[in-house]
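Hi,

Here is the structure I promised to pass on. Have a look at it first, and then read my notes below.

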Amino acid sequence: MRRNELALLPKLPLLITESAEEFDALCDAFEREIKPRGIIEHMYVHDICSIVWEILRLRRCKVVIINSAFRSALQHLLMQLLKGPGEYDYEVENPAQALAQSWFTDQEAKKQVSETLSRFNLDESAIEGEAIRRSSSDLELLDRMLTSLESRRNKALACVAEYRASLAHQLRESADRIIDGKGVLRLEHPSSKGPTAA
């Protein structure tokens, strides 16, 4: 692809945590796979790369959203499990909060949480479930965004195929006209037209 054609393709704005090298590697992989010819196919491939990059970004975000909800999810679970009959939430809130905080770094806290969960026939998947439940509205929004992006990606891929099929059809017609001796249709140059009336 020529340098002046490359200038027509906008640079994808990356987040400060994202790698330009990784995006370029993704683009290279798609270009090797699709082998675009001409600016139009290069534009389609660039669009596909941008869409796929956004899909990867949102999938990472889903995991981060769930992981970031773990502490509050664990605290909520512990408040329910540590609360004895007749006790109120505020009475177990501080111990539950301290234990939930320590769970991430302290092996003794992990053991204590595991024992508390097992008393109610639960394991650490209960924390995952609660974290997902607490994040469900955000995850639902991301799923809708992912569905839209995946649809756009599929349409862009179909456009490449349609464009190539259309171009191949035009080239076949031109070849048939040449073989039949009819020549190739020529566009009339504007300067060859006679003067127009004022």
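A word on terms before the fold: helices here are DSSP runs of H or I with at least four residues, strands are runs of E with at least two, and both are numbered from the N terminus. With that in hand, the order of elements in the protein chain reads α-α-α-α-α-α-α-α from the N terminus on, that is, 8 helices and 0 strands. Do keep in mind that this is a predicted model. Of the 198 residues in the protein chain, 27% are buried.

Now the inside. The largest nonpolar core has 21 residues, and those touching the most other members are F70, L74, L78, W103, V113, I127 and A131. Two or more residues come from each of helix 4 (70-82), helix 5 (89-102), helix 6 (107-118) and helix 7 (125-134). Helix 4 is the top contributor, giving 7 residues.

On to the charges. I get 9 salt bridges in the whole structure. What about burial? E41 is buried, at 0% relative accessibility, while R164 is partly exposed at 23%.

K83 and D89 also meet through their side chains in a salt bridge, at 2.8 Å from N to O. Both ends are partly exposed: K83 has 29% relative accessibility and D89 has 34%.

Then there is R144 with E140, whose closest N and O atoms are 3.4 Å apart. These two are 4 residues apart in helix 8, so about one helical turn separates them. E140 is partly exposed, with a relative accessible area of 47%.

K62 belongs to helix 3 (residues 38-68) and is partly exposed, at 23% relative accessibility.

Last, the surface. E21, E22, D24, D28 and E31 form a negative patch. One of them, D28, is in helix 2 (residues 20-34).

Cheers

Conventions. Residues numbered from 1 in each chain as written. Predicted model: local features only at pLDDT ≥ 70, side-chain atom pairs only at ≥ 80, totals over all residues. Heavy atoms only, no water. Patch = residues over 30% accessible without salt bridge, like charges linked within 9 Å, V, L, I, M, F, W, Y side chains within 5 Å. Areas by Shrake-Rupley, 256 points an atom, 1.4 Å probe, with all protein chains shown as cover. Salt bridge = Lys/Arg side-chain N within 4 Å of Asp/Glu carboxyl O. Lys, Arg positive; Asp, Glu negative; His and termini not counted. Charge placed at Lys NZ, Arg CZ, Asp CG, Glu CD. Core = buried A, V, L, I, M, F, W, Y, C linked by side-chain atoms within 4.5 Å. Buried < 20%, exposed > 50% of the residue type's maximum accessible area, 1.4 Å probe, protein only.
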